[in-house]
Amino acid sequence: MIVPALLFGYLLLAASVAPGRLARARWTRRAPGLAVLAWLTLAASVLLAAMLGFATLAVPPEALGHDLSDLIHECILHLRLDYGAAGGTIAGTVGALGVCAILGRLALTGGARAWHIHQVRRRQRRLLALLGSTTGDGVVIVASNRPAAYCVPGRRGRIVLTDAVLSQLAPDQLAGVLSHERGHLNGRHHLLVGATATLRRAFGFVPAFQLAQEQIADLVELLADDAAAASCRRDRLAAALLALAGGGVPAHTLGAAGASAVSRAHRLATPPRALNAAGALGIGLACATVLLIPPMIAIGPAALAATGDHCRVAQLGHYHR
Amino acid sequence: MVIRGLGDLEAVIMDRLWSWDRPTSVREICDDLLRERQIAYTTVMTVMENLHRKGMLTRERDGRAWRYRPARSRAEHTAELLEEVLDGANDRTAALMTFVRRMSRSELAALRRALSQHTSRGEQR
């Protein structure tokens with residue numbers, strides 16, 4: 001029972017304690033790309049820990065050797081204690097159900113989400129074909145006095161502007177906005193946001209998934225803002241942010257929109273210094289560690305047993321013949 | 001005509017119908033298009049029937065022919081297009097990614113304040 005217990009213990013830490021820490025960390029705004037990696041790693045680690053936790057619960061003791069019990073009785077005992085459960089069938093059933101439930105929920109939620117998103121983008125492309133006119137570099141202009149600048153990600157990513165935007169922004173700001181959207185398309189940010197949104201939708205009670213979705217949604221905007229820096233001065237892009245935020249009917253319920261725009265404006269106006277190489281390396285290593293912990297816990301005892309004194313697995317092959 | 005061309009043709013026909021804003025027959029559209037390009041009557045008829053089937057056009061009998069008009073105005077379609085963009089749900093799933101999200105009046109004021117902080121600081125230097 002040790003292995004499943006360790007895995008679920010780690011799951012608890014990674015799913016509820018770690019996300020809060022990561023969300024409050026200040027280095028994330030200095031290296032948004034690494035921060036995205038960190039959140040993805042955390043979410044993947046949580047998912048992995050849950051699945052492996054249930055999977056190791058379902059490992060039947062019989063699977064860990066039978067014919068050679070004379071010689072390796074002690075070895076089997078040790079392995080049985082580490083994996084599986086004294087409860088046998090009940091734990092086994094729970095384990096199997098757990099794995100199926102997780103995979104099933106993910107598949108259903110992911111499928112439904114993908115279908116819905118596909119419909120939205122298809123409708124957009126159809127309407128844009130009728131309403132918009134395409135410029136030389138593939139940008140679609142739609143006639144409207146409401147300012148809007150967005151992209152339709154997917155197979156053929158398109159950037160859309162209304163002509164109200166053309167009249168409200170200076171040429172350099174326009175270039176900046178287009179670079180920002182191109183940054184989203186080139187970086188395939190819709191996949192990152194979509195994946196974490198699916199995780200949140202599937203398992204909304206997990207803090208790690210809630211925070212991962214929110215944080216990554218904000219972080220990709222920072223990444224796109226950084227991509228725009230080559231085409232437009234940062235303070236000019238910040239002014240464009242204000243100019244375009246004011247258009248259209250104000251929303252009553254979208255609480256996060258204003259906060260993220262304000263923090264973007266601050267970050268554009270006062271760019272944070274980049275992370276040094278040591279810091280980046282440290283974060284990379286931490287990510288790799290977090291990802292490896294669940295599988296290491298899962299196979300740990302088996303690996304130790306293979307090299308331990310009381311369990312000469314190499315000899316087992318000899319006696320088996 | 002290749003399939004891609006049919007898509008362009010839909011846009012051209014809708015554009016005509018929105019501009020003219022009256023019940024129009026296939027013949028009238030076809031005659032107008034023939035002034036700019038080679039096109040068959042049957043092609044235009046097929047495209048307009050497709051648009052009708054998709055709900056973009058309504059039609060009424062006029063003798064043996066149909067007269068078509070747009071089901072919704074260009075402005076209504078544009079509003080539909082932009083509403084999807086400003087919809088928070090699409091933003092959350094990144095079905096579409098907008099440069100800046102729609103925000104409340106107080107959030108807008110906060111943004112304005114944040115930017116003016118920086119400009120006044122810049123002027124002090």
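Mentor: Let's start with the interface: chain A and chain B bury about 4,500 Å² between them, and carbon and sulfur atoms give 67% of that area. This is a predicted model, where local features need pLDDT of at least 70 and side-chain atom pairs count only at pLDDT 80 or more, while totals for chains, interfaces and linings use all residues. Residues are numbered from 1 along each chain as its sequence is written, chains are lettered from A and ligands numbered from 1 in the order in which they are written, and side-chain values use heavy atoms, with hydrogens and water left out.

Trainee: Why is this called buried area?

Mentor: Because the term stands for the accessible area (1.4 Å probe) that two parts lose on being put together, summed over both. The size of an interface is often given in this way. On the chain A side, Leu130(A), Leu131(A) and Leu242(A) lose the most area to chain B, together 14% of what that side buries.

Trainee: How many residues of chain A and of chain B take part in the contact?

Mentor: Chain A brings 61 residues and chain B 40 residues, where contact means heavy atoms within 4.5 Å.

Trainee: What makes Glu84(B) and Arg123(A) a salt bridge?

Mentor: The rule asks for a side-chain nitrogen of Lys or Arg within 4 Å of a carboxyl oxygen of Asp or Glu. Between the side chains of these two residues, Glu84(B) and Arg123(A), N to O is 2.6 Å, so the pair qualifies. Across the whole interface of chain A and chain B the rule finds 3 salt bridges, along with 12 residue pairs in polar contact, both residues at pLDDT 80 or more.

Trainee: Which elements of chain A give two or more residues to the side that touches chain B?

Mentor: Among them are α4 (89-131), β3 (149-152) and α9 (234-245) of chain A. The largest share, 13 residues, comes from α4(A). The names follow DSSP runs numbered from the N terminus, with helices as H or I of at least four residues and strands as E of at least two.

Trainee: What makes a strand of chain B a partner of β3(A)?

Mentor: Two strands pair if DSSP finds at least two bridges between them. There are 2 bridges from β3(A) to β4 (residues 97-98) of chain B, so these antiparallel strands pass. Opposite Cys151(A) stands Met97(B), and opposite Tyr150(A) stands Thr98(B). On β4(A), β3(A) has an antiparallel partner joined by 4 bridges, with Ala149(A) bridged to Leu161(A). The hairpin of β3(A) and β4(A) has 5 residues between the strands, and Gly154(A) takes a positive phi near 130° there.

Trainee: What makes β1(A) and β4(B) edge strands?

Mentor: The open, mixed sheet has 5 strands in the order β1(A)-β2(A)-β4(A)-β3(A)-β4(B). β1 (132-134) of chain A and β4 of chain B each have a single partner strand, so one side of each lacks a neighbour in the sheet.

Trainee: How do you know that Thr162(A) is buried?

Mentor: Buried means under 20% relative accessible area, exposed over 50%, and partly exposed in between (1.4 Å probe, protein chains only). Thr162(A) has 1% relative accessibility, so Thr162(A) counts as buried. Thr162(A) lies in β4 (residues 158-162) of chain A. Leaving aside neighbours within four places in sequence, Thr162(A) is in contact with residues including Ile141(A), Ala148(A) and Leu82(B).

Trainee: What does the side chain of Thr162(A) reach at 2.9 Å?

Mentor: The side chain reaches the backbone nitrogen of Ala148(A). A polar contact is a pair of N or O atoms within 3.5 Å; within protein, one must be able to donate a hydrogen and the other to accept it, and residues adjacent in sequence count only if both atoms are side-chain atoms. At 2.9 Å, the pair of Thr162(A) and Ala148(A) falls within that distance.

Trainee: What share of chain B counts as buried?

Mentor: Of its 125 residues, 42%. Chain B has 6 helices and 4 strands, and 3 strands form an open antiparallel sheet in the order β1-β3-β2. In that sheet, 2 bridges join β1(B) to β3 (residues 65-70) of chain B, and Thr24(B) has Tyr68(B) as its bridge partner.
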